[in-house]
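Welcome! Please open your viewer and get ready to select a few residues as we go.

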Amino acid sequence: MRAMKALLILLVLMPGLAPAAGDPPASLEEMWKVLQQQQSQIEELRRENAELRKRMDAGTMPALQEQVVDSSTDVSADMGVSRTEEDADTRLEIYGFAQVDAIYDFDRVDPDWNDASRPSKIPVQDSAVFGSDGETIISARQSRLGFRSSHEVGGSELKVWLEWDLFAAGNDAGELELNTRHAWGQWKNFGGGQTWSNWMDIDIFPNTIDYWGPPGMVFIRKPQLRYTHMVGSSGSHWAVALEDPSSDVDPGDVRDIDPDLADTLQPKDSLPDLTIKWRGEFDWGHYQVAGIARKLDVETVSDGLGGNPDNTPKEDTFGWGVNFTSVITTLGSDQLKLGLVYGEGIASYFNDGGTAIGLEQGGLEAVESLGVSLWYDHYWNSHWSSSIGWGMHEQDNTELQSSDAFNTGQLAQLNLLYSKGKFLTGVEAIWMQRENNNGDDNDDFRLQYSLKYSFDKAF
């Protein structure tokens, strides 16, 4: 009886589903038949609604989907909701950090580079050329912004990486301007754009707060085309790349012998640099062996006054190098970071100092370079860490390089850092020295305090 009463109430509350007015059921049996018909109609509506939802989820109703998106444009934009099926496959990460460095330099260096520790920027002959000893520098140029995105193309992941800091170089050295670090794309085994040279190993960079880092390591970002082949599942791989061949030449004493020739002497990059590496990954860390081959050209260009119209003479020589690096896990999370590099005509790949091409009485000479990096990163606990190490870049200067040409740059560091989550702060002591071709040298000592806050957001 309770069920019957409920059904009668339902009929009263749902006139649209009841029999037409003026045609009431003749008996309780007919009323029951009407109720059964209405129940069948309700079940059919439920089935149609469920089917409709399945079709929407499967993306087989583009017109209806487009209408839904249009009606919620503002909300989806605020929440980062994908607007199309294609966009839904795209993953985007925004990351970076804001950092301020407070440095006290007990001596003086080139003011364009006073917020980075570069031995090559230390004055030697006239140590006061940039002013008297003692300088305070506060800089935010290390701050960084980057984007990483990935999207499935042809069944494989297409990755794109864009990153900038504020350390302008070249003609804008010393300025607080955007500096492109990475502009890189990779699909399957192929990559192209600007990123770390295939010849270097970024993992040996120590846990320090100074921007520039060890002078004796290969450290440069290069425009390049690269092919990478993975070996096994451990991460071991080999890679080969054609890289931008930018180089430099030191006219040296030719400035005194023939100033006009020295003024028009410049490198010519006729072929890309060829680099190849092998990297082995293991439970204890990794090792990497990499090589480079370069064609080094030098020419003289027109002096702008009608001289040397044919851009002659032209000469070339060969550059090469081998780079061995390794990171070894020792106790707990501690790491020993090693680098040894040697070759001729490779100075432009070093983190600091030297020149790739010099002159001899008989013509061009690729300048020999030796680089050493030795650092130890120690983690006291989950928040406190220290890094201690030393690095060097030494050149065997050519016969006609001038007496004040760069010969050796050294740097040593010791720090104490605190990190928690996205926050990092710490203090670092830095010693560096430059020695010239004639044996004259000068050193510099500085203290740096840094405050850094990182951020990242994935969509």
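**A tour of side chains**

Begin by selecting Ser385 together with its contacts: setting aside neighbours within four places in sequence, Ser385 touches Asn207, His378, Tyr379, Trp380, Asn415, Leu416 and Leu417. Keep in mind that this is a predicted model.

Now show the strands. Ser385 belongs to strand 17, which covers residues 384–396. Is Ser385 buried or exposed? Its relative accessible area is 7%, so Ser385 counts as buried, since the cut-off for buried is under 20%. Then pick Ser419: its C-alpha is 8.3 Å from that of Ser385, although the two are 34 residues apart in sequence.

Next stop, the aromatic rings. The whole structure holds 15 aromatic pairs. Select Tyr104 and Phe106: their ring centres are 4.9 Å apart and their planes meet at 90°, so this pair is edge-to-face. Tyr104 is partly exposed at 35% relative accessibility, and Phe106 is partly exposed at 38%.

Move on to Trp320 and Tyr342, an edge-to-face pair with 5.8 Å between centres and 70° between planes. Trp320 is in strand 12 and Tyr342 in strand 13, so the pair links parts 22 residues apart in sequence.

For a group of rings, select Trp113, Phe167, Tyr211 and Trp212, which form one aromatic cluster.

Finish with two charges over rings. Arg148 lies over the face of Tyr95, 4.4 Å from the ring centre. Lys222 has its charged end over the ring of Tyr349, 4.6 Å from the centre.

Definitions and conventions: Residues are numbered from 1 along each chain as its sequence is written. This is a predicted model: local features need pLDDT of at least 70, side-chain atom pairs count only at pLDDT 80 or more; totals for chains, interfaces and linings use all residues. Side-chain values use heavy atoms; hydrogens and water are left out. Helices (H or I, at least four residues) and strands (E, at least two) are DSSP runs, numbered from the N terminus. Buried means under 20% relative accessible area, exposed over 50%, partly exposed in between (1.4 Å probe, protein chains only). Contact means heavy atoms within 4.5 Å. Rings of Phe, Tyr and Trp (its six-membered ring) pair if their centres lie within 6.5 Å; planes under 30 degrees apart count as stacked, over 60 as edge-to-face and the rest as tilted. A charge sits over a ring if NZ of Lys or CZ of Arg is within 6 Å of the ring centre and within 35 degrees of the ring normal.
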